Amino acid sequence: DWVMTDYANEFIESVRKQVGEHGHVIGAVSGGVDSTVAAVLMNKAIGHRFHAVMVDNGCLRKDEAKNVLKRLREDCGVDLRCIDAADRFMGLLEGVTDPERKRKIIGGTFIDIFQEEAEKIEKEFGHCDWLLQGTLYPDVIESISYKGPSATIKTHHNVGGLPATMKLKLIEPLRELFKDEVRALGIALGIDEVSVWRHPFPGPGLAIRILGEVNKKHAEILRHADAIMIEELYKSGHYRAIGQAFVVLMPTVKSVGVMGDGRTYENVCAIRCVETTDYMTADFYHLPYEVMSNMSSRIINEVRGINRVCYDISSKPPATIEWE
Ligand code: XMP
């Protein structure tokens, strides 16, 4: 509506002022709501003086890099480069089974790649002055006050701070907004509904949803199952009511099945759908049996390498949302 459009225009104006007439800005884009809104906002404010970088770590959802390129570069005109680093990440993850080590490797490698790209951009334009981050108000609060015991259960945050060698100033245009306000801003900026209402996706991506060792084959199997599950959620109209939904693959567990006249001995996966407002507590989503049944039969029939599907009925606490 007009109020939000006015608000968006004011926002664009204030960001433009902050960056100045000659400033260049870089920012990482994940495809999530926050980084998408921040990127479109920045593009509207300063055009191609904003440079966005997306890193494909080989642990993204199906067609994610392709879709983000389409949405941001083709539809919105954002100067976005996508770095295909799947092999680099997979190489570093070889043999790694510990979840926290996976997080450290992925987080650290992401920073390295981002820094390499930032240096290229800096060379190309002579200078780069700002780093854009899609920090929201709850992130600000959490980093100030979140020091309880659960703060050390998982090292969540992708952004492990700025590379100290790059003297970039931080620009965080969303830092006073709550999630619903970011969504409203996204709509006012003309971003499509599907992007605006997407569930959050963790930085380490599918790597923490493949229990144990991550490799290309496992990632491919999980990506396929996950895409089917999400498609069924949209089709059945449940996507919006859910806080987060994903598939977990357990490659160390094998289950016996039957296909035609033959015996199969394949992977097991679990579907996890949760209802939550703040992701600090969550209840498993009461998905109708019919929807579960469609998901299960489609996954088993269409995904080679999975012959059994379970539904996760744990709540947080005591379980967490992710399995690792
Ligand atoms: P848990 O599993 O702790 O997850 O209940 C709470 C929320 O945090 C997300 N999560 C992560 N996000 N990097 C991220 O960017 C991570 O390493 C990570 N681990 C968990 C999780 O998806 C959920 O939204």
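Two notes come before the selections. This is a predicted model, in which local features need pLDDT of at least 70 and side-chain atom pairs count only at pLDDT 80 or more, while totals for chains, interfaces and linings use all residues. Residues are numbered from 1 along each chain as its sequence is written.

**Whole chain.** The chain has ten helices and nine strands; helices (H or I, at least four residues) and strands (E, at least two) are DSSP runs, numbered from the N terminus. The radius of gyration is 20 Å, close to the 20 Å that the globule rule gives for 324 residues, so the chain is as compact as a globular protein of that length. That radius is taken over C-alpha atoms, and the rule is 2.2 Å times the number of residues to the power 0.38. Along the principal axes, the C-alpha atoms fill a box of roughly 70 × 45 × 40 Å.

**Helix pair.** Next select residues 33–46, helix 2, and residues 179–188, helix 7. At what angle do helix 2 and helix 7 pack? The angle is about 45°, and their axes are 10 Å apart (axes are lines fitted to C-alpha atoms, for helices over the stretch in contact, and angles run from 0 to 180 degrees between N-to-C directions). Helix 2 is therefore oblique to helix 7; angles under 35 degrees count as roughly parallel, over 145 as roughly antiparallel, 65 to 115 as roughly perpendicular and the rest as oblique.

Now show side chains for the contact (C-beta atoms, placed from the backbone, within 7 Å). Helix 2 contributes Val-33, Asp-34, Thr-36 and Val-37, and helix 7 contributes Val-182, Arg-183, Leu-185 and Gly-186.

**Backbone details.** Go to the segment after strand 9 (306–311), where Pro-317 is placed and Pro-318 is also found. The peptide bond from Lys-316 to Pro-317 is cis, with omega near -15°. The bond from Pro-317 to Pro-318 is cis too, with omega near 5°.

Finish at Asp-63, in the loop between strand 2 (50–56) and helix 3 (64–75). Asp-63 is not a glycine, yet its phi is positive, at about 60°.

Terms used: Contact = placed C-beta atoms within 7 Å.
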